[in-house]
Amino acid sequence: MAAVKLLLVEDDIASLELMAEVFTTLEADVRPISDSENALRIVNQEKFDGIVLDLEMPKLHGFELARKIRESSWNKLTPIVIVTGHDERETMQRAFATGATFFLQKPVDKQKLKNLFRTVRGTMLENRRRAARVPMQTEVSCQIGGRTVRGRTWNLSQGGMQLEVEDLKPGESVRVSFRLPSSMVEIDAIGKVVWVKAERQGIQFTRISAQSEAEIRKLIVQDEKV
């Protein structure tokens, strides 16, 4: 399994270097950034497993950066750790309302950072699995209203799939049925057409059984091991 990919955003260089050192020793792939505006540019270009950011930063405050991360296409679901010296309940409530997943109180030290990493690593890996796409080509049946069309899948994730089917339109509700080639388990789900291109269409699952979701997750885990 690839290392957890972390973006660290902290304008205090000493704190940034400490976090980078600790997380690197824990085998994370670390990107340390001291400029919050530069961090915003990066979160709109790359996917991360987790983002650790300080609140009190010049240029772009941590609350505003967290809000913009939640609006980004790449990292809107990425776990965010807010790091701050404030311990007021209001600050914590605002942090979580803005999109924070975890909260770390300053001053930070090596033990705090190690404990944090152990706490959030599972959440970060699960988020990665939800976004991961496994290449898969198999026949798929799509029911749209009273008609049924057939095509082929391109890839699959826990949240949706890309496929090639004629005559799908953005916004349509579609029921997809297909078998996983690895296990021949049949997957049946309700989804929404979120985008349409010349050769591919994107489906976001809106309703899927727990059993089907578990089988897809199993496939993604197997792909990670390979």
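Begin by selecting helix 3 (residues 62-71) together with helix 4 (residues 89-98) in this predicted model, and you will find that their axes come within 9 Å and cross at roughly 25°. Because angles under 35 degrees count as roughly parallel, helix 3 and helix 4 are described as roughly parallel to each other.

Now show the side chains where these two helices meet: Phe63, Ala66, Arg67 and Arg70 belong to helix 3, and they face Thr91, Arg94, Ala95 and Thr98 in helix 4. Sorted by class, this contact of helix 3 with helix 4 comprises three nonpolar, two polar and three charged residues.

Next, turn to the largest pocket, which holds about 790 Å³ of space. To find it, select Lys76, Leu77, Ala131, Arg133 and Gln204, which lie nearest its centre among the 25 residues that line it. Then colour helix 5 (110-131), strand 9 (160-164), strand 11 (186-196) and strand 12 (201-208), the elements that each give two or more residues to the lining of the largest pocket; strand 12 gives the most, with five residues. By class, the lining of the largest pocket is made up of nine nonpolar, 11 polar and five charged residues.

For the last stop, select glutamate 46 and lysine 5, whose side chains meet in a salt bridge with an N to O distance of 3.0 Å. Glutamate 46 sits in the loop between helix 2 (36-43) and strand 3 (50-54), while lysine 5 is in strand 1 (residues 5-9), so this pair ties together parts that are 41 residues apart in sequence. The structure holds 17 salt bridges.

Conventions:
Residues numbered from 1 in each chain as written. Predicted model: local features only at pLDDT ≥ 70, side-chain atom pairs only at ≥ 80, totals over all residues. Heavy atoms only, no water. Axes fitted to C-alpha atoms, helices over the stretch in contact; angles between N-to-C directions. Helix = DSSP H or I, 4+ residues; strand = E, 2+ residues; numbered from the N terminus. Parallel < 35°, antiparallel > 145°, perpendicular 65-115°, else oblique. Contact = heavy atoms within 4.5 Å. Nonpolar A, V, L, I, M, F, W, Y, C, P; charged D, E, K, R; others polar. 1 Å grid on protein atoms, 1.4 Å probe; cavity = no way out; pocket = protein on both sides within 12 Å on 5 of 7 lines; lining within 4 Å. Points joined across faces, edges and corners; volume = space filled by probe spheres on them. Salt bridge = Lys/Arg side-chain N within 4 Å of Asp/Glu carboxyl O.
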